[in-house]
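The following exercises are to be worked with the sequence and the coordinates at hand. Each task is followed by a solution in steps.

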Amino acid sequence: MDHKQQVGVQSHVEQMGSVADSSMLDLDDECLDSPGTEAGKTQIPISGQQLPFSDGFPVGGNKMIRNGFYGSIKTVVFSNKLNLLMPFGPLAILVHKLTASNGWVFFLSLLGITPLAERLGYATEQLAFFTGPTVGGLLNATFGNATEMIISIYALKSGMTRVVQLSLLGSILSNMLLVLGCAFFCGGLVHNRKEQVFNKATAVVNSGLLLMAVMGLLFPAVLHYTHTERQVGKSELALSRFSSCIMLVAYAAYLFFQLRSQNDLYSPIDEEGSHHGEGSDNDEDEAPEISKWESVIWLTILTAWISILSDYLVDTIQGASEAWDLSIAFISVILLPIIGNAAEHASAIMFAMKDKLDISLGVAIGSSTQISMFGIPFCVVIGWMMGREMDLNFQLFETATLFITVIVVAFFLQEGTSNYFKGLMLILCYLIVAASFFAHEDPTTTDQSKQPKT
Amino acid sequence: MNYKGQIGVTSLVEMGSLDGAMHDLVDECLYSSEMDAQKTQPILSNQRVLLSGLPVGGYKMTRNGVYKSIKTVVFSNKLNLLMPFGPLAIMVHKMSTSNSWVFFLSLLGITPLAERLGYATEQLAFYTGPTVGGLLNATFGNATELIISIYALKSGMTRVVQLSLLGSILSNMLLVLGCAFFCGGLVHYGKEQVFSKATAVVNSGLLLMAVMGLLFPAVLHYTHTERQVGKSELSLSRFSSCVMLLAYAAYLVFQLKSQNDNYVPVGEEGSHNGENDDDDEDEAPEISKWESIIWLAIMTAWISILSDYLVDTIEGASEAWDVPIAFISVILLPIIGNAAEHASAIMFAMKDKLDISLGVAIGSSTQISMFGIPFCVVIGWVMGKEMDLNFQLFETATLFITVIVVAFFLQEGTSNYFKGLMLILCYLIVSASFFVHEDPSAVGQSKIPKT
């Protein structure tokens, strides 16, 4: 350790003498539930102490990037009210070890993931400050739905390909209808006098991509349903894998197109238009709240936590379905995305009420586009590598649902304006979709879910 | 009777020439003595009208005598030449067993009554102000179809209900709109007619939402993926119907509230109608408020009676003409029943008031799809009939593609004769498809042993 580091250590040790003890005590109070947590949290102070050694140089213009261990935890963990749900994660693990109640473990893991997903998004945004707009955009584009991807990969590992399809579909539907509808509705109610406008170009491009995704999903389903494939079972899989590669290429081209035309006609989503004139300045003056390495480390920690909880989530979904007498389809398509997406939901509504409708649209529709053009094909490719037979045949009912939903939403978006009535219509459409899935018995998951009751 | 009443009676008696009018009526109504009984009713009630009617400020000529009232309501429209066909249908039904003739005559008899019902509703709307007037139009605009549907529901013919409502939507969206665009485009050949894009887009959105509501029960049933066969679709349909009714109510609220803001109501839209706005506002109601209500009641009663005969004889007509019930319900019934709306839409388009045509055509479709159909499901629920939103795959697919085509045509906000021609040709394709379509569920209902 060189001199600077030693000084760093000493100053931190001096500063954090009381801090470490009191914050450790605070942590103990917070996490009375599981000894595992203490072990987990004791890891952090050690790595927190290492932080000042490795990144000592302030990046020009950004203030306060060197947080102490306590400062870092305070910023990341305690600053958001949603994080009150954090203890539910370890609680879920505890309940799983102590009882055999799958329903409770599922519910608690779901609640535990919600704040972690939000913090993951936060850490990604913070990291994006340091990487510049290009890589930052890529980061947001990839990690924006990391939670859904992690859950899907765990489900794929367990061989539950149907759950993967249904949960990704549910994510798309809830983003397009529920989140967007609530944003339009609340924004329209708050700004009652005028019609809110948003960037038609972006909306139209996104709608086009969604329609292309529907096309990619439609053909394997129709092929299977009309029993006209050349080799039963194999053709759809091969077609799905090929289509997935094409969709990934399309998504890459979309990112490329978006990033290049940032300087030309299209303005980036969160700096659009005169409405955001003041907002842009605020965004540019917004300093990152944690340093670059802190972001990376928190990103890793949160991803690890989400993975652990996803494991429990996927394992207990069948048990929860039996315990609550709900079909797996309903849980995967409706419940999982609503609760998992709660943070995005809240932020979209908040931006709409602040009349920054383009950001809301980016959150909602951008997320849908991302999952449909990147998430789903990526899972197919991952399944291909794992040797799982994940294909794009979502069965006729789900494909028809996606088709009509994309058409309705594309239609509503094409005008470029929004009001509370459009929002209300989208929400009511979501109610109809949710009711349909409630009444829907998925033939494939019925076989998977019929385990003998223990 | 008080002093005013006595004078009223005296003045009527002085109108001795009324007897001549009565003779005229009798000459017109050689067919049935029931007509005389019916027509004497209005005379009595109109006497009461004279006693109670006070002129509403600003409107002229609201106190009609009996003769004037009947003249205004009954004789002013050429379509009413078809009116005697109603009683004729009843007579034929009593005298012979020819179901197809009764069906045809009732259909012809209903047509003028439907038109007059719309007229009475408009007249009443003058007195109630724009808000309630809009609501009136929104509810009673398709009262004829609803009355026919409710009678069909009572007879347990839920498939006929579904098909006739679907046919109404299709004919309004394709045929009426297409004819309006076509004729308007031919008359105003030089330029493209424009209409309010905002209204058209909102209506298209509502139609798409209705398609969504209809799609799920059908796909659920067709993929055999419902949780409880038979029960799930019914519960889903009932839930979706409540949601759709809620959306329609929100639409009405939104439309009425934004009347003062950005959106201008359909009948007063745009610069084309600038001159005509004044005409509309100066248009006086032609009959008094109570007369409107009474005529409304009379028309509704007549339509109900004829609907009863219509629904009873549809199966017989289907056999006699060797045409499937689906075709009769989807194509024939709406075309003839909607003749008046059809004519008025074309007329307004030729006068370059395209927004009113659009309101008649697309507004009617929206009303039936978001109000009429869910309302029938709820009424069926109340009656204990199993009416659901599963219109079977063929019909649902037809509605889906039609809504998409029409929404696409409307999104530009302009019209010309070519677009109209395309819509009419689309309707021909739809009719041909239904001509060759054998409806599996209606087949079961129509096979009654020949008497």
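**Exercise 1. A helix of chain B**

How many residues does helix H7 (residues 143–154) of chain B have, and what distance does it reach from its first C-alpha to its last?

Solution. The model is a predicted one, and the values below are computed from it.

Step 1. Helix H7 of chain B has 12 residues. From first to last C-alpha it reaches 16 Å, which is close to the 16 Å expected at 1.5 Å a residue.

Step 2. Turn to accessibility, with under 20% relative accessible area as the cut-off for a buried residue. Of the 12 residues of H7(B), 9 are buried, and the helix is mostly covered. The buried set includes Ala143(B), Thr144(B), Glu145(B) and Leu146(B), as well as Ala152(B) and Leu153(B).

Step 3. H7(B) is followed by Gly156(B), which has a positive phi, near 80 degrees.

**Exercise 2. Helix H8 of chain A**

Determine what span helix H8 (residues 200–225) of chain A should have, and describe its start, its packing and what follows it.

Solution. 

Step 1. At 1.5 Å a residue, the 26 residues of H8(A) should span 38 Å. The end C-alpha atoms are 36 Å apart, which agrees with that value.

Step 2. At the start of H8(A), Asn199(A) places a side-chain oxygen within 3.1 Å of the backbone nitrogen of Ala201(A).

Step 3. Among the buried residues of H8(A) are Thr202(A), Asn206(A), Leu209(A), Ala213(A), Leu217(A) and Pro220(A). An α-helix has 3.6 residues a turn, so residues three or four places apart point the same way. The buried residues of H8(A) pack against H7, helix H9 (234–260), helix H14 (357–386) and H15 of chain A.

Step 4. His227(A) follows H8(A), and its phi is positive, near 50 degrees.

**Exercise 3. Salt bridges**

How many salt bridges does a search of the whole structure find?

Solution. 

Step 1. Over all chains, the search finds 7 salt bridges.

Step 2. Glu398(A) and Arg162(A) form one of these, with their closest N and O atoms 3.0 Å apart. Glu398(A) lies in helix H15 (residues 396–413) of chain A and Arg162(A) in helix H7 (residues 161–190) of chain A, so the pair ties together parts that are 236 residues apart in sequence. Both Glu398(A) and Arg162(A) are buried.

Step 3. In chain B, Glu115(B) is bridged to Arg116(B), the closest N and O atoms being 2.9 Å apart. Both Glu115(B) and Arg116(B) are buried.

Step 4. Asp352(B) and Lys191(B) also meet in a salt bridge, at 2.9 Å from N to O. Asp352(B) belongs to the loop between helix H14 (339–350) and helix H15 (354–383) of chain B, and Lys191(B) to the loop between helix H8 (158–187) and strand S1 (193–194) of chain B, so the pair ties together parts 161 residues apart in sequence.

Step 5. With a relative accessible area of 12%, Asp352(B) is buried. Lys191(B), at 38% relative accessibility, counts as partly exposed.

**Exercise 4. A histidine in a loop**

Is His191(A) buried or exposed? Locate the residue and list its contacts.

Solution. 

Step 1. His191(A) sits in the loop between H7 and strand S1 (196–197) of chain A.

Step 2. His191(A) counts as buried because its relative accessibility is 18%.

Step 3. The His191(A) side chain reaches the backbone oxygen of Met353(A) at 2.9 Å. Leaving aside neighbours within four places in sequence, His191(A) is in contact with Gln196(A), Ala352(A), Met353(A), Lys354(A) and Asp355(A).

**Exercise 5. The interface**

What area do chain A and chain B bury between them?

Solution. 

Step 1. The two chains bury about 3300 Å², 74% of it on carbon and sulfur atoms. In chain A, Phe411(A), Phe421(A) and Ile432(A) lose the most area to chain B, together 20% of what that side buries.

Step 2. The contact takes 38 residues from chain A and 39 residues from chain B.

Step 3. The count of salt bridges between chain A and chain B is 0. For polar contacts, 1 residue pair is found across the interface, with both residues at pLDDT 80 or more.

Step 4. On the side of chain A that touches chain B, the elements giving two or more residues are H15 and helix H16 (420–438) of chain A. H16(A) supplies the largest share of that side, 12 residues.

Methods
Residues are numbered from 1 along each chain as its sequence is written. Chains are lettered from A and ligands numbered from 1 in the order in which they are written. This is a predicted model: local features need pLDDT of at least 70, side-chain atom pairs count only at pLDDT 80 or more; totals for chains, interfaces and linings use all residues. Side-chain values use heavy atoms; hydrogens and water are left out. A salt bridge is a side-chain nitrogen of Lys or Arg within 4 Å of a carboxyl oxygen of Asp or Glu. Helices (H or I, at least four residues) and strands (E, at least two) are DSSP runs, numbered from the N terminus. Buried means under 20% relative accessible area, exposed over 50%, partly exposed in between (1.4 Å probe, protein chains only). The expected span of a helix is 1.5 Å times one less than its number of residues. Contact means heavy atoms within 4.5 Å. Buried area is the accessible area (1.4 Å probe) that two parts lose on being put together, summed over both. A polar contact is a pair of N or O atoms within 3.5 Å; within protein, one must be able to donate a hydrogen and the other to accept it, and residues adjacent in sequence count only if both atoms are side-chain atoms.
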